[in-house]
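The following note sets out comments on a single protein model. Please read the numbered points alongside the coordinates.

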Amino acid sequence: MGALASRGLNVDPCCPRCGVEREDIGHMVLHCSESQMWNLRNMWVFETKRVEPTMAYTRTVALLGEYEAANARDAEPAPTPVSNQHWQAPYAGHYKLNTDASVIATKVGLGVLVRDSMGDVLMSAWMRGEEAIPVLQAEAEALRFGLQYAYDAGFRSLEVESDNQALVKLVQAHEHSRMHMHVIVEDIVTLPNAFEFCSFIFLSRNCNKVAHSIANISLTMEEVKVWMEECPTETLPFVLVDKAMIE
């Protein structure tokens, strides 16, 4: 009744059993002797259990503690998600594919990298193109390139990351794009059907330094190159930093 009265309803806030104090959870479980005796009586009638008053008191206090803790949790604001400040390793049994693209004038460089939960490189690759294309399309090409080569290398459980948020939203929503982008996105959406697990995640450029480095290097290299259990020497420092930051 006390709770209803506090919400503005026209009710008597006093305890209906003892009629002395305002009815709230603390009064009902700790201070109202009538309610405590009623609980003991119910346990005997319906469960044939005789409970000593001290034991009943202890149990009641414990319940009150749980109740207050639950109220405190409900009152706390939900934590605000904090974006990761460094690369995160995949879950055990999964592999993480990072992709990126670099566009300069009429050159496009694609970089991809697959690592395990220990941060060790399992595959890396680059590809250079000689066509001027929009950045979003280049990022999509990198993502498709990475998926195709990761599948060919035998990786079947992938957590795929790109630092292009617009692309990740397109893929997650299975949205259609115009012209050539439509074909690339359709391929990206379809390819995961061949995997046992495949998810797409957006991350900041700061957490995607290895793939970004490979994409930049590929601008001065020849067409396609793939490494198994290795990566370009220039990117190794970034790999080691990511590995050192694994929690």
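The points below proceed from the overall fold to individual residues.

1. Basis of the comments. The model is predicted, and local features require pLDDT of at least 70, side-chain atom pairs count only at pLDDT 80 or more, and totals for chains, interfaces and linings use all residues. Residues are numbered from 1 along each chain as its sequence is written, and side-chain values use heavy atoms, with hydrogens and water left out.

2. Overall composition. The protein chain comprises 9 helices and 6 strands, where helices (H or I, at least four residues) and strands (E, at least two) are DSSP runs numbered from the N terminus. Of its 247 residues, 38% count as buried; buried means under 20% relative accessible area, exposed over 50%, and partly exposed in between, for a 1.4 Å probe and protein chains only. Among contacts (heavy atoms within 4.5 Å) with a separation of 6 or more, 65% are between residues 24 or more positions apart.

3. The sheet. An open sheet with mixed pairing is formed by 6 strands in the order β5-β4-β1-β2-β3-β6; two strands pair if DSSP finds at least two bridges between them. The edges are β5 (197-202) and β6 (224-228), each of which pairs on one side only. Neighbouring strands are turned by 15° against each other on average, direction ignored. Axes here are lines fitted to C-alpha atoms, for helices over the stretch in contact, and angles run from 0 to 180 degrees between N-to-C directions.

4. Strand β1 and its partners. In β1, 7 of the 10 residues are buried, so the strand is mostly covered. With β4 it pairs in the parallel sense over 5 bridges, and Y95 stands opposite L158 in β4. Its pairing with β2 is antiparallel, over 9 bridges, and A101 has L110 of β2 as its bridge partner. The β1-β2 hairpin has 2 residues between the strands, and A105 takes a positive phi near 55° there.

5. Strand β3 (residues 121-129) pairs with β6 in the antiparallel sense over 5 bridges, with W126 opposite K225. M127 is also found in β3 and is partly exposed, with a relative accessible area of 25%. Although M127 and V224 are 97 residues apart in sequence, their C-alpha atoms are 4.3 Å apart. Not counting residues up to four places away in sequence, M127 touches V108, G109, L110, F145, S218, E223 and V224.

6. Helices across the sheet. Helix α6 (residues 165-173) lies across β4 (157-162) and β5, running at about 145° to β5. Helix α8 (residues 209-218) lies across β1 (95-104), β2 (107-115) and β3, at about 145° to β2.

7. The α8-α9 packing. Two packed helices are described by the angle between their axes and the distance between the axes. For α8 and helix α9 (residues 236-244), the angle is about 170° and the axes are 9 Å apart. The two helices are therefore roughly antiparallel; angles under 35 degrees count as roughly parallel, over 145 as roughly antiparallel, 65 to 115 as roughly perpendicular and the rest as oblique. K209, V210 and S213 of α8 make the contact with F238, V239 and D242 of α9.

8. The whole structure contains 4 aromatic pairs. Rings of Phe, Tyr and Trp (its six-membered ring) pair if their centres lie within 6.5 Å; planes under 30 degrees apart count as stacked, over 60 as edge-to-face and the rest as tilted. One of the pairs, Y151 and F195, is edge-to-face, with 5.5 Å centre to centre and 75° between the planes. Y151 lies in helix α5 (residues 135-152) and F195 in the loop between α7 (179-190) and β5, so the pair ties together parts that are 44 residues apart in sequence. Y151 is partly exposed at 32% relative accessibility, whereas F195 is buried at 8%. The charged end of R156 sits over the ring of Y151, 3.7 Å from its centre. R115 lies over the face of W87, at 3.8 Å from the ring centre. A charge sits over a ring if NZ of Lys or CZ of Arg is within 6 Å of the ring centre and within 35 degrees of the ring normal.

9. Leaving aside neighbours within four places in sequence, N208 is in contact with N98, T99, D100, D163 and L203.
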